[in-house]
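Here are some friendly notes to read alongside the model. Please keep the structure open as you go through the points.

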Amino acid sequence: MIRNLSYGLLLGCLALAFSARAETVEEGLAALQHGWAEAFYTTPAADKEKQFEKLAGRAAQFTAANPGRAEPLVWQAIILSSYAKFEGGLGALSKIKTARELLLQAEKIQPTALDGSIYTSLGSLYAKAPGWPIAYGDKKKAAEYLQRALQINPSGIDPNYFYGELLLDQGKRAEGEKYLRKALAAAPRAGRADADAGRRAEITALLGE
């Protein structure tokens with residue numbers, strides 16, 4: 001009876017360990033990517049800040065659980081920069097500064113991680129951040145980062161979108177439209193249908209303007 005009880009306890013422990021296994025990096029990334037797309041594109045405006053607050057906490061935990069990996073750092077930075085967009089104020093400034101530091105850390109680990117997303121994200125941050133002395137915004141540096149992203153991922157929806165948007169902001173309409181149309185024609189990304197749909201809607205709106 002004792003032997004049967006011990007065997008039963010062992011099976012129970014093994015089942016518990018299996019059910020509580022740590023998520024893989026790929027599973028964690030997918031969860032953050034879908035969480036970001038939902039918060040950014042479909043969550044009501046009044047709830048976006050709160051949603052990104054929760055997502056930022058989850059991203060920080062994921063990064064801490066995967067030291068030495070570039071991908072979690074990149075997605076933590078993306079989420080923080082989006083959180084800053086909807087929060088505004090002084091809190092937003094600290095978040096975009098932290099996001100830049102995370103991306104620079106990721107660059108030291110694996111510069112080409114996630115199809116050049118490090119440089120796409122840095123380019124977006126430099127394009128949209130306030131300039132000195134408030135923050136580090138710099139259109140020239142933004143263009144350099146986005147061009148680097150395009151060297152890694154020339155057909156990608158995100159680098160073409162952000163570079164096209166930057167060119168439009170600089171009054172280079174024809175060139176900007178070229179990159180936006182290239183972004184619109186980008187091949188679908190595996191597992192990113194929600195983000196692709198939202199990004200295409202943004203591109204279509206810009207082209208309509």
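1. A word on the ground rules. This is a predicted model, in which local features need pLDDT of at least 70 and side-chain atom pairs count only at pLDDT 80 or more, while totals for chains, interfaces and linings use all residues. Residues are numbered from 1 along each chain as its sequence is written, and side-chain values use heavy atoms, with hydrogens and water left out.

2. The overall fold. The protein chain has 10 helices and 0 strands (DSSP runs numbered from the N terminus, H or I of at least four residues for helices and E of at least two for strands). Of its 209 residues, 42% are buried, where buried means under 20% relative accessible area, exposed over 50% and partly exposed in between, with a 1.4 Å probe and protein chains only.

3. Contacts and surface. Among contacts with a separation of 6 or more, 56% join residues 24 or more positions apart; a contact here means heavy atoms within 4.5 Å. The protein chain exposes about 11,600 Å², and carbon and sulfur atoms supply 57% of that area (Shrake-Rupley method, 1.4 Å probe; for residues, only the protein chains shown count as cover).

4. Helix 2 and helix 3. The axes of helix 2 and helix 3 (residues 48–65) come within 10 Å and cross at roughly 165 degrees; axes are lines fitted to C-alpha atoms, for helices over the stretch in contact, and angles run from 0 to 180 degrees between N-to-C directions.

5. Helix 4 and helix 6. Helix 4 (residues 70–87) packs against helix 6 (residues 113–128) at about 30 degrees, with the axes 10 Å apart. That angle makes the pair roughly parallel. Among the residues in contact are Val74, Trp75 and Ile78 of helix 4, along with Leu114, Ile118 and Leu125 of helix 6.

6. Helix 10. Why does the span of helix 10 agree with its number of residues? At 1.5 Å a residue, its 16 residues (193–208) should span 22 Å, and the end C-alpha atoms are 22 Å apart; the expected span is 1.5 Å times one less than the number of residues. Its buried residues are Ala195, Asp196, Gly198, Arg199, Ile203, Leu206 and Leu207, and they pack against helix 2 (25–42), helix 8 (157–169) and helix 9 (173–184). Threonine 204, also in helix 10, is partly exposed at 47% relative accessibility. Its C-alpha atom is 8.5 Å from that of leucine 180, 24 residues apart along the chain.

7. Backbone details to look at. Most residues other than glycine have a negative phi, and most peptide bonds are trans. Leucine 114 in helix 6 has a positive phi of about 55 degrees and is partly exposed, with a relative accessible area of 27%. Aspartate 115, also in helix 6, has a positive phi near 55 degrees and counts as exposed at 53%. The peptide bond from tryptophan 132 to proline 133 is cis, with omega near 10 degrees, and proline 133 lies in the loop between helix 6 and helix 7 (139–152).

Methods:
Parallel < 35°, antiparallel > 145°, perpendicular 65-115°, else oblique.
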